[in-house]
Amino acid sequence: MNEQTKVYLNGEFLPRREARISVMDRGFLFGDGVYEVIPCYSGKLFRLEHHLSRLDDSLAGIRMASPHDHAEWRSILEELVAQQPCSEQSIYLQVTRGSTGERDHAIPRGIQPTVFAMAMPFEEPDPQLAEEGVSAVTLDDIRWRLCNIKAITLLANVLVKQEARDQGAIEAILIRDGIAHEGAASNLFMVENGVITTPPKSRFLLPGITRDLVLELAQREKLPCREEAVSEQRLQQMDELWLTSSTKEVIPVTHLNDRPIGNGRPGPMFRQMAALYADYKARIKAGTRY
Ligand SMILES: Cc1ncc(COP(=O)(O)O)c(C=O)c1O
C-alpha cells in the first residue's frame, strides 16, 4: 500500500496522501470512535452484512447514529474495493464522532461523524501456523468493561499484545476474575473431550464474525459445541485451543505459558475445522452458494 492508494474519506475517494482530518477530531483526541476489519476475497466482501450489523451495534453502544444504511455502506466499500490494484484485500472502516473545534468530554449535539475506509493487501495466514501451532500466554485483562464494542481505543490491547510478544508468544489470552474471555485481537475456542467450547457473548469479549462462523460450521457439521465460561486453570487442561479472527482465520495454540496443550501438536478437531473453513472460503471466492 502506498501514498497513491485510494482511500475513502467523508464522501470522497482520494489518494491516501491527500486524505486529511482535523487534529480536533474526537477520534484523535479521545479515541471516540468504532471500526471494522472486513476481509475481501476475490473482490467479494466476506460476511459484509454481519460486519455491518456489528458496526451498527458498536455505534449504538457509543450513542452514535449510523451515518449510512447497509446499502450505502455496501456501495461505498464495493467502490473502494474496485479502485484497488489487487483483489485479495482487508478493508479497514472507521467512524469517529468528528469535530466541533472544541475539546470537551461531553458528546456535542449536531456533530458530523468522520468516516474513513482503506484497503490493505490481505495476507493469507502463514500455513506453517496451522501446521506447527503457536504459543500464547495468559495475561490480566486490563481493558474496560465494554469489550463488545469494537472501539478504536485499543491501547490496552496494544500493551497486552506487546507483553505477549515480549514473552515470545503470538497472542495474549485475557483473564478477568479468573475467567478466560478472549485474545487481545482474537476469540478463543477450546476442545474438551470432543466438545468445542467457546466463552459466551458478554461485555467482556468482542462478538467475532469468525467466532460466529466457526460455531455455524460446527453446528452444520453436527460437531458437539457449547458456549461456556472457562477458568484460567481449566484452560491448561484442554485437549485443544484455537484462536479465531478475520485476519488469522483459525489457528491452533499448542503451547500456553510455555506448557503444551494436549500433545503439543495441532489437534484433530482443529484440522477438521480448518478444512471446513477453507471449504467455506473457497465457495465464497467461487461465488457458489453454501
Ligand atoms: C479483541 C478482539 N476479539 C476478537 C476479534 C475477532 O473478531 P473477528 O472474527 O470479527 O475478526 C478481534 C478482531 O480484531 C478482536 O480485536
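The expected span of a helix is 1.5 Å times one less than its number of residues. Helices (H or I, at least four residues) and strands (E, at least two) are DSSP runs, numbered from the N terminus. The model is predicted: local features need pLDDT of at least 70, side-chain atom pairs count only at pLDDT 80 or more, and totals for chains, interfaces and linings use all residues. Residue numbers start from 1 along each chain as its sequence is written.

Helix α5 (residues 155-166) has 12 residues and should therefore span 16 Å, which agrees with the 16 Å between its end C-alpha atoms. Gly-168, with a positive phi near 80°, follows α5.

Six-strand sheet: the open sheet of 6 strands runs β2-β1-β6-β5-β3-β4 with antiparallel pairing, where two strands pair if DSSP finds at least two bridges between them. β2 (12-15) and β4 (44-45) are at the edges with a single partner strand each, so one side of each has no neighbour in the sheet. The antiparallel strands β3 and β4 are joined by 2 bridges.

The domains, whose bounds come from an automatic or database domain assignment, are as follows.

| Domain | Residues |
|---|---|
| domain 1 | 6-121 |
| domain 2 | 127-285 |

Their centres, taken over C-alpha atoms, are separated by 27 Å. In domain 1, 21 residues are in contact with 15 residues of domain 2, contact meaning that C-beta atoms, placed from the backbone, lie within 7 Å. On the side of domain 1 that touches domain 2, β3 (33-41), α2 (48-61) and β5 (89-96) each supply at least two residues; the largest share, 7 residues, comes from β3.

How values were computed. Contact = placed C-beta atoms within 7 Å.
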